[in-house]
Amino acid sequence: MRIAVVGTGYVGLVTGVCLSEIGHEVICIDIDEAKIEKLNNGFSPIYEPGLEQLLNDNIAEGRLSFTTDFEQGFQYAQAIYIAVGTPQRDDGSANLDHVETVARSIANHIREYVVVVTKSTVPVGTNHRIKQIIEENMVEKVPFNMVSNPEFLREGTAVHDTFHGDRIVIGADSDSAAEFVKEINKPFGIAVFCTDIQSAEMIKYASNAFLATKISFINEISNLCEKLDANVEDVSHGMGMDQRIGRQFLQAGIGYGGSCFPKDTKALIQIAGNVEHEFDLLKSVVRVNNKQQKLLVKKAKDRFGSLEGKTITILGLAFKPNTDDMRESASIVICDQLIRSGAIVKAYDPIAIEKARSILNPEVVFAASIEVAVTHADCMFILTEWSQFKQMDLTAIRTMMKEAIIFDGRNIFSLELMKEKGFEYHSVGRAS
Ligand code: UGA
């Protein structure tokens, strides 16, 4: 089938590339000329394992192309995917300006029947609004259908998730449009759940809010574990063995970050507020998360008294491993707090340093390796669970540091190993 994807951000690019990989003819459209040129030359603007290879394979096969020209992009499309960003406004609500601009552009350019598929995360009711905008602004009156098809990809494993996801959700305004999108996705071989448009929109927010709730819940339990001398790793393990609870997303740490959970939880609170519903539970989830991001600095202050003049190594800046994404990463808050407390911060991340430079407090000093970052440090903060950190030579690292003290926000080491290697080890929800 011939598919146009508008928006070559994280969601749009992965969607476009993967749809071409399963045999569709895909053209991706974006207003950013430099980005489109880069993509046409086979370079991915985001770091996502496996993506660049598929990008090049499908360009070579002639199934995938990129353009800034909407008219050309929409010309033969049987389906148009909307995958533009919905950034957060100051009040927490989703900014739908980009989505509405695309709707107007579709109205301008379509000349024959098309199915409009929304991938962007949009508040409940938005797809009806998109439909209305297209209807009201159509230059040529042709029939079209609307489908909400939210994505559930995780950064860092997005390509894998596209081919091995748990479900594909299709919320359509007609049975035939649902069947059409089902057909597009058939080669993925993933279970499909069809519903109405509003429910599909809600499934996306509810899923992210639920996962964020699990994380804040286990973080609160971990704080209790510290006070009651229990071990949160064992508690999550024991809880997760109950299939009704499940093992995933019960990893205590320094709170969730990224471009999705922080934005979507706040947007859902806002959506609820719009219909006069106080989403008390979700408000607490957000509050707990903000509190959790400050946990390690508090631990360090309790340990040292003052952080003035202390040299602190930060290992890991991205909001999670296998991505260079810095959006809403706990490292932003933590580096800022440390510097404001008078510490000298030396940071290392395997791939996020370039992005971090423009985001972190300008006083952060970046190191080119773990070794450079830890030399003469008074302590180390571990903020992202990169496998490189799990495998580092602890015996050598210990000799490079001024003091062998680790504050681990991701619990990457066992208490036994830390004892054996001679570190003073402060982790989350476990005895020091
Ligand atoms: C999340 C969802 O997992 C995807 O299903 C969804 O499609 C995506 O948002 C989205 O809406 O686009 P992502 O933000 O890429 O994906 O990352 P996750 O792997 O879910 O991690 C989010 C944050 O939660 C990270 O900061 C991670 O460190 C933290 N986390 C995760 C924990 O602190 N504990 C856990 O047990 C799991």
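Predicted model: local features only at pLDDT ≥ 70, side-chain atom pairs only at ≥ 80, totals over all residues.
**View 1. The whole chain, for orientation.** The protein chain has 19 helices and 14 strands. Its C-alpha trace spans about 70 × 45 × 40 Å along the principal axes. With 432 residues, a compact globule would have a radius of gyration near 22 Å, and the 24 Å of the protein chain agrees with that; the radius is taken over C-alpha atoms, and the globule rule is 2.2 Å times the number of residues to the power 0.38. Of the 432 residues, 44% count as buried. Here "buried" means 20 or more other C-beta atoms within 10 Å of the residue's own, "exposed" means 12 or fewer, and "partly exposed" is in between, with C-beta atoms placed from the backbone. Take the contacts with a separation of 6 or more: residues 24 or more positions apart account for 72% of them. A contact means that two C-beta atoms, placed from the backbone, lie within 7 Å.

View 2. Nonpolar covers Ala, Val, Leu, Ile, Met, Phe, Trp, Tyr, Cys and Pro, charged covers Asp, Glu, Lys and Arg, and the others, Gly among them, are polar.

View 3. The chain is divided into domain 1 (2–195), domain 2 (204–291) and domain 3 (294–426), with bounds from an automatic or database domain assignment. Taken over C-alpha atoms, the centres of domain 1 and domain 3 are separated by 38 Å. Four residues of domain 1 are in contact with seven residues of domain 3. On the domain 1 side, the touching residues divide into two nonpolar, one polar and one charged.

**View 4. An open six-stranded sheet.** Follow the strands in the order β11-β10-β9-β12-β13-β14, with parallel pairing. The edges are β11 (365–366) and β14 (424–426), each pairing on one side only. Strands count as paired if DSSP finds at least two bridges between them. Strand β12 (residues 379–382) pairs with β13 in the parallel sense over three bridges, and F381 stands opposite F407 in β13. Strand β13 (residues 405–408) also pairs with β14 in the parallel sense, over three bridges. There, I405 has E424 as its bridge partner in β14, while I406 has Y425.

**View 5. A172, in from the surface.** Look for A172 in strand β7 (residues 168–172). A172 is buried, with 25 other C-beta atoms within 10 Å. Leaving out residues up to four places away in sequence, A172 touches N145, V147, A177, A178, V181, C194 and I197.

View 6. K390 is found in helix α17 (residues 387–390) and is exposed, with 12 other C-beta atoms within 10 Å. K390 and I412 are 22 residues apart along the chain, yet their C-alpha atoms are separated by 6.3 Å. K141 sits in the loop between α6 (126–137) and β6 (144–148), and counts as exposed with 6 C-beta neighbours inside 10 Å.

**View 7. Two loop residues with positive phi.** Most residues other than glycine have a negative phi. N322 has a positive phi of about 65° although it is not a glycine. N322 lies in the loop between β9 (311–315) and α14 (330–340) and is partly exposed, with 19 other C-beta atoms within 10 Å. For H376, phi is near 65°, again a positive value in a residue other than glycine. H376 lies in the loop between α16 (370–374) and β12, and counts as exposed with 12 C-beta neighbours inside 10 Å.

Definitions and conventions: Residues numbered from 1 in each chain as written. Helix = DSSP H or I, 4+ residues; strand = E, 2+ residues; numbered from the N terminus.
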